[in-house]
Amino acid sequence: VTRGILRVDVERLLTLNDLDGITLATLPHQSDVREGKMIATTKILPYALPEEVVARAESLAGDAPLLRLDPLASRSVALLVHGTEGSRDRTLTSFESALRQRLEALGSRLERVEFVAGGEEDAEAHLAAALRRLAADDHDLQILAGETAVQDRHDLSPRAVERAGGKVLCYGAPVDPGNLLLLAELDGIPVLGAPGCARSPKRNIVDLVLPRLLIGDRLDRRDIVAMGHGGLLEDVPERPLPRSRL
């Protein structure tokens, strides 16, 4: 395995570490890890352990592993960017470059990139048609990005997803940078509505969500809400109002 997602049975880990004299420290559950990365370390603190403590620790092993590394497979991804005609080159280049680098680092490939331009009246129809067209191409994931981020649950992007026959699973996330995330599904294919911070190489919500979508996890609102614990990430310059100016 050169890249994978670490799965941790958090409750069993807590029970194990509650035994006197045994410690097991791991990376967080759902961590994206590379080859050669240490994922856990264990230490026995005293010179010897009582037999009953050892037996209890062994019983926690159970039939399923306490730690598991699920390998990332190569996936086909399509990127759909929308905006005004005047923003085409700037918007397309900024999103495509950053997302291609992320996908290739995860062992996947950006196989198709499209830009949809349109005025306020026809943008929704054009975007919905493009989403349906890409869904028919059998990609494993669609990424949807725009000149401006999704500002509201009934903004252009979620409306276009629903017009295309898809379902919005979640809008908004307790992760910063990345509050304006959109997560949807169309014909069984996940659609990731990327916020503006996806243009930055710095860590943001896309780095939390993308590996799990590529591995086949079908995320829902509850999964996104759970990211609030640890969701305060490093600021990125692409934010319209960086924290330093708040």
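Student: How should I read a strand such as β8, and which of its residues are buried on each side?

Tutor: Begin with the general idea. In a regular strand, side chains alternate between the two faces of the sheet. In this predicted model, both faces of β8 are covered. Leu141, Ile143 and Ala145 are buried on one side, and Gln142, Leu144 and Gly146 are buried on the other.

Student: With which strands does β8 pair, and in which sense, parallel or antiparallel?

Tutor: Pairing is read from the bridges between two strands. β6 and β8 pair in the parallel sense over six bridges. Valine 77 has leucine 141 as its bridge partner in β8. β8 also pairs with β11, residues 189–193, in the parallel sense over three bridges. There, isoleucine 143 has leucine 192 of β11 as its bridge partner.

Student: What does isoleucine 143 touch beyond its neighbours in sequence?

Tutor: Setting aside residues up to four places away, isoleucine 143 touches Val77, Ala78, Leu79, Leu80, Leu99, Leu103, Leu192, Ala194 and Leu210.

Student: Which residues of the largest nonpolar core touch the most other members?

Tutor: A nonpolar core is a set of buried residues joined through their side chains. The largest one here has 35 residues. Those that touch the most other members are Leu141, Ile143, Val209, Leu210, Leu214 and Ile224. The elements giving two or more residues to this core are β6 (76–83), α3 (88–105), β7 (109–117), β8 (141–146) and α6. Of these, α6 gives the most, with eight residues. A second, separate core has 21 residues, among them Ala160, Val161, Ile189 and Val191.

Student: Why does histidine 82 count as buried?

Tutor: The label follows from relative accessibility, and buried means under 20%. Histidine 82 has a relative accessibility of 10%, and therefore counts as buried. Histidine 82 is placed in strand β6. Leaving aside neighbours within four places in sequence, histidine 82 is in contact with Phe115, Val116, Leu127, Leu144, Ala145, Gly146, Glu147, Leu156 and Ser157.

Student: Is asparagine 204 buried or exposed, and where is it found?

Tutor: Asparagine 204 is found in the loop between β11 and α6. At 0% relative accessibility, asparagine 204 counts as buried. Not counting residues up to four places away in sequence, asparagine 204 touches Arg102, Pro177, Cys197, Ala198 and Leu233. Distance in sequence and distance in space can be read side by side for asparagine 204 and valine 175: they are 29 residues apart in sequence, and their C-alpha atoms are 7.9 Å apart.

Student: Which peptide bond is described as cis?

Tutor: The angle to read is omega. The bond from aspartate 176 to proline 177 is cis, with omega near 5°. Proline 177 lies in the loop between β9 (167–171) and β10 (182–186).

Student: What is the phi of glutamine 30, and what is that of aspartate 138?

Tutor: Glutamine 30 has a positive phi of about 75°, although it is not a glycine. Glutamine 30 lies in the loop between β2 (22–26) and β3. Aspartate 138 has a positive phi of about 65°, and it is not a glycine either. Aspartate 138 is found in the loop between α4 (123–136) and β8. Exposed means over 50% relative accessible area. Aspartate 138 counts as exposed because its relative accessibility is 62%.

Student: How many residues line the largest pocket, and which lie nearest its centre?

Tutor: The largest pocket has a volume of about 720 Å³. The lining holds 20 residues, of which Pro28, His29, Gln30, Ser31 and Leu208 lie nearest the centre. β3 (32–34) and α6 (205–215) are the elements that give two or more residues to the lining. The most come from α6, with four residues. By class, the lining has eight nonpolar, five polar and seven charged residues.

Student: How many helices and strands are there in the chain?

Tutor: The chain has seven helices and 11 strands. Buried residues make up 46% of its 246 residues. Among contacts with a separation of 6 or more, 68% are between residues 24 or more positions apart.

Notes:
Residues are numbered from 1 along each chain as its sequence is written. This is a predicted model: local features need pLDDT of at least 70, side-chain atom pairs count only at pLDDT 80 or more; totals for chains, interfaces and linings use all residues. Side-chain values use heavy atoms; hydrogens and water are left out. On a 1 Å grid over the protein atoms alone, a cavity is a set of points where a 1.4 Å probe fits but cannot get out, and a pocket is an open set with protein on both sides within 12 Å along at least five of seven lines; lining residues have an atom within 4 Å of a point. Grid points are joined across faces, edges and corners, and a volume is the space filled by probe spheres set on the points. Ala, Val, Leu, Ile, Met, Phe, Trp, Tyr, Cys and Pro count as nonpolar, Asp, Glu, Lys and Arg as charged, and the others, Gly among them, as polar. A nonpolar core is a set of buried Ala, Val, Leu, Ile, Met, Phe, Trp, Tyr and Cys residues joined through side-chain atoms within 4.5 Å. Buried means under 20% relative accessible area, exposed over 50%, partly exposed in between (1.4 Å probe, protein chains only). Contact means heavy atoms within 4.5 Å.
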